[in-house]
Amino acid sequence: MGFIKEFKEFASKGNVMDMAVGVIIGGAFGKIVSSLVDDIIMPVVGVVTGGIDFTTLSAKVGDAEIKYGMFCQNIIDFLIIAFSIFCVIKAINKFKKKEEPAPEAPAGPTTEELLADIKEILKKK
C-alpha cells in the first residue's frame, strides 16, 4: 500500500501536472508550427529554389531509397518550433518579471537600536 500512496503523492505534485500540461500544449503547438512549415514556408522556399519540393528529394543506394528531402524539411520544422518556443518562453519570462514586485530589503535595526544594544552589553560587563 505504501507504493501506491507514494505514487499518488508524486503524481499530485505541481511539477508533474505542469509538465503534463506542457506536453499537451507542446503537441498542439507542434501541429500549428508543422502546418506553418508545410503549408506556408516550404511552398515559398520551393518557389525561391525553382519549384523544388523538398519532400520528394531522395537518392537511391542499391535497393534502398534515402529520403533526404524529408530530413531537410524536418530540420526546418524543428528549427522553427525551437525558435517559436524560445520566443514564447522569453515573452512569458518578461511578463513574469513585470508582475513580481521587487523584493524589499530586510529591515535591519536602526542606529538607535544598535546603540541601545551596545549600551546594554557594556552595562553587563
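**Close-up views of a predicted model**

**View 1. Ile-4 is exposed, with a relative accessible area of 55%.** Everything in these views comes from a predicted model, so keep that in mind as you look around. Why does Ile-4 count as exposed? Its 55% passes the cut-off, because exposed means over 50% relative accessible area. You'll find Ile-4 in helix H1, which covers residues 2-11. Now try to spot Glu-113 as well: Ile-4 and Glu-113 sit 109 residues apart in sequence, and their C-alpha atoms are 55 Å apart in space.

**View 2. Here is the largest pocket, with about 210 Å³ of space.** Its lining is made of Asp-18, Val-21, Gly-22, Ile-25, Gly-26, Phe-29, Ile-85, Val-88 and Ile-89. Which helices each supply at least two residues of that lining? They are H2 (14-48) and H3 (68-99). H2 gives the most, with six residues. Sort the lining by class and you get six nonpolar, two polar and one charged residues.

**View 3. Asn-15 belongs to helix H2.** Is Asn-15 buried or exposed? Asn-15 counts as exposed, because its relative accessibility is 64% and the cut-off for exposed is over 50%. Look across to Ile-89, which is part of the lining of the largest pocket. Asn-15 and Ile-89 are 74 residues apart in sequence, with 17 Å between their C-alpha atoms.

**View 4. This one shows the largest nonpolar core, five residues in all.** The members are Val-33, Val-37, Met-42, Phe-54 and Ile-80. H2 provides the largest share of this core, three residues. As background, nonpolar side chains tend to be buried together in soluble globular proteins.

**View 5. Zoom in on Val-37, a member of that core.** What does Val-37 touch, once residues up to four places away in sequence are left out? Its contacts are Met-42, Pro-43, Gln-73, Ile-76, Asp-77 and Ile-80. Met-42 and Ile-80 also belong to the largest nonpolar core.

**View 6. Two cysteines, Cys-72 and Cys-87, are the subject here.** Cys-72 has 28% relative accessibility, so it counts as partly exposed. Cys-87 is partly exposed too, with a relative accessible area of 35%. How many disulfides turn up in a search of the whole structure? The search finds zero.

**View 7. Glu-104 sits in the loop between H3 and helix H4 (111-124).** With 74% relative accessibility, Glu-104 counts as exposed. Where does Gln-73 come in? You met Gln-73 as one of the residues that Val-37 touches. Glu-104 and Gln-73 are 31 residues apart along the chain, and 50 Å separates their C-alpha atoms.

Notes:
Residues are numbered from 1 along each chain as its sequence is written. This is a predicted model: local features need pLDDT of at least 70, side-chain atom pairs count only at pLDDT 80 or more; totals for chains, interfaces and linings use all residues. Side-chain values use heavy atoms; hydrogens and water are left out. On a 1 Å grid over the protein atoms alone, a cavity is a set of points where a 1.4 Å probe fits but cannot get out, and a pocket is an open set with protein on both sides within 12 Å along at least five of seven lines; lining residues have an atom within 4 Å of a point. Grid points are joined across faces, edges and corners, and a volume is the space filled by probe spheres set on the points. Helices (H or I, at least four residues) and strands (E, at least two) are DSSP runs, numbered from the N terminus. Ala, Val, Leu, Ile, Met, Phe, Trp, Tyr, Cys and Pro count as nonpolar, Asp, Glu, Lys and Arg as charged, and the others, Gly among them, as polar. A nonpolar core is a set of buried Ala, Val, Leu, Ile, Met, Phe, Trp, Tyr and Cys residues joined through side-chain atoms within 4.5 Å. Buried means under 20% relative accessible area, exposed over 50%, partly exposed in between (1.4 Å probe, protein chains only). Contact means heavy atoms within 4.5 Å. A disulfide is a pair of cysteine sulfur atoms within 2.5 Å.
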